Amino acid sequence: PVFALAGSAHGTRAGTSVALPKSPWVHPGEKIATAAGARLDLMLVPGVLVEMAGETEIEIEQLRLARDGNESINPMTSREAKIRLRRGTLIGAVGQSQKRSKMVVQTNAGTLTAFGLRTFRIEADETRTRIMSVRGKAIFEPANGGALVRVEAGYFAEWPASPAKPQAALSDPGAQAEVTEILRTEKRLFHLQEQFGFSFVPWLP
């Protein structure tokens, strides 16, 4: 669902575009875009949260909750979200859980994968992708088939680059400020999730 929206944003599903108010459910196959200066906070699945900056567009490719067949004892075995970042900037936060949690973000330059207890910022356009990791390790698989790149907490990396070697945020005052901003956003996202509660219902097909 949509936790919070500052400015304007719209979603497109089955060829129909509608403005996004607070609290509607998001769906696999839906495209979401924010206007300039906007900010949109989303829960893709419980514990997998996203803040979209202005002029950002994503497509939700997959939302998955796996159950073990005995909902009263162990109702959820995994929580996974897969999106495509077409342009712009987003912050992703994957919470800690006893169950498997995973977020996948695809860009033209490659694919980022983040498991539980990971927080990162990713920005992309048609030719460039940049990742900043502030909690846990983000794994990036370049689209050109190059070696996997592990971006540890406190490091950032950009593609294309030669070589795509993560750099420490401590070496860049601008990057240090970015880390502070991301951590502040992480705190807000999980606070919003607590306010919203876990009255999550499966999305309609």
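Q: What do the side chains of Glu 123 and Arg 128 form?
A: A salt bridge. The N to O distance is 3.7 Å in this predicted model.

Q: Glu 123 first: buried or exposed?
A: Glu 123 is buried, because its relative accessible area is 17% and the cut-off for buried is under 20%.

Q: And what about Arg 128?
A: Arg 128 is partly exposed, with 25% relative accessible area.

Q: How far apart are the closest N and O atoms of Glu 178 and Arg 121?
A: They are 3.0 Å apart, and the two residues form a salt bridge.

Q: Where do those two sit in the fold?
A: Glu 178 is in helix α1, residues 173–196. Arg 121 is in strand β11, residues 118–124. The pair therefore ties together parts that are 57 residues apart in sequence.

Q: Is that pair buried or exposed?
A: Glu 178 counts as buried, at 7% relative accessibility. Arg 121 also counts as buried, at 18%.

Q: Why would such side chains pair at all?
A: Side chains of opposite charge can pair when their charged atoms come close.

Q: How many salt bridges does the count come to?
A: The count comes to 16. One of them joins the side chains of Arg 39 and Asp 41, at 3.9 Å from N to O.

Q: What is the accessibility of Arg 39 and of Asp 41?
A: Arg 39 is partly exposed, at 34% relative accessibility. Asp 41 is buried, with a relative accessible area of 0%.

Q: Switching to the nonpolar side. Which residues touch the most other members of the largest core?
A: Ile 32, Leu 42, Leu 44, Ile 58, Leu 90, Met 103 and Leu 112. That core has 36 residues.

Q: Which strand gives the most to it?
A: Strand β8, residues 78–94, gives five residues to this core.

Q: What lies apart from it?
A: Another core, of eight residues. Among them are Ile 91, Phe 156, Ala 175 and Val 179.

Q: Now the overall layout. How many helices and strands are in the protein chain?
A: One helix and 16 strands. The chain has 205 residues, and 46% of them count as buried.

Q: How do β2 and β4 run?
A: Antiparallel. Four bridges join β2, residues 9–13, to β4, residues 31–34. Ala 9 has Thr 34 in β4 as its bridge partner.

Q: And how many bridges join β4 to β7?
A: Three, and these strands run antiparallel. Strand β7 covers residues 57–66. Ala 33 stands opposite Glu 57 in β7.

Q: What about the surface?
A: The chain's accessible surface comes to about 10000 Å². Carbon and sulfur atoms account for 50% of that.

Q: Last topic, confidence. What is the mean pLDDT of the chain?
A: The mean is 89. A pLDDT of 70 or more is reached by 87% of the residues.

Q: Where does pLDDT stay under 50?
A: Over residues 199–205. For that stretch the model has 17 contacts beyond four places in sequence.

Notes: Residues numbered from 1 in each chain as written. Predicted model: local features only at pLDDT ≥ 70, side-chain atom pairs only at ≥ 80, totals over all residues. Heavy atoms only, no water. Salt bridge = Lys/Arg side-chain N within 4 Å of Asp/Glu carboxyl O. Buried < 20%, exposed > 50% of the residue type's maximum accessible area, 1.4 Å probe, protein only. Core = buried A, V, L, I, M, F, W, Y, C linked by side-chain atoms within 4.5 Å. pLDDT = per-residue confidence, 0-100. Contact = heavy atoms within 4.5 Å. Areas by Shrake-Rupley, 256 points an atom, 1.4 Å probe, with all protein chains shown as cover. Pairing = 2+ DSSP bridges.
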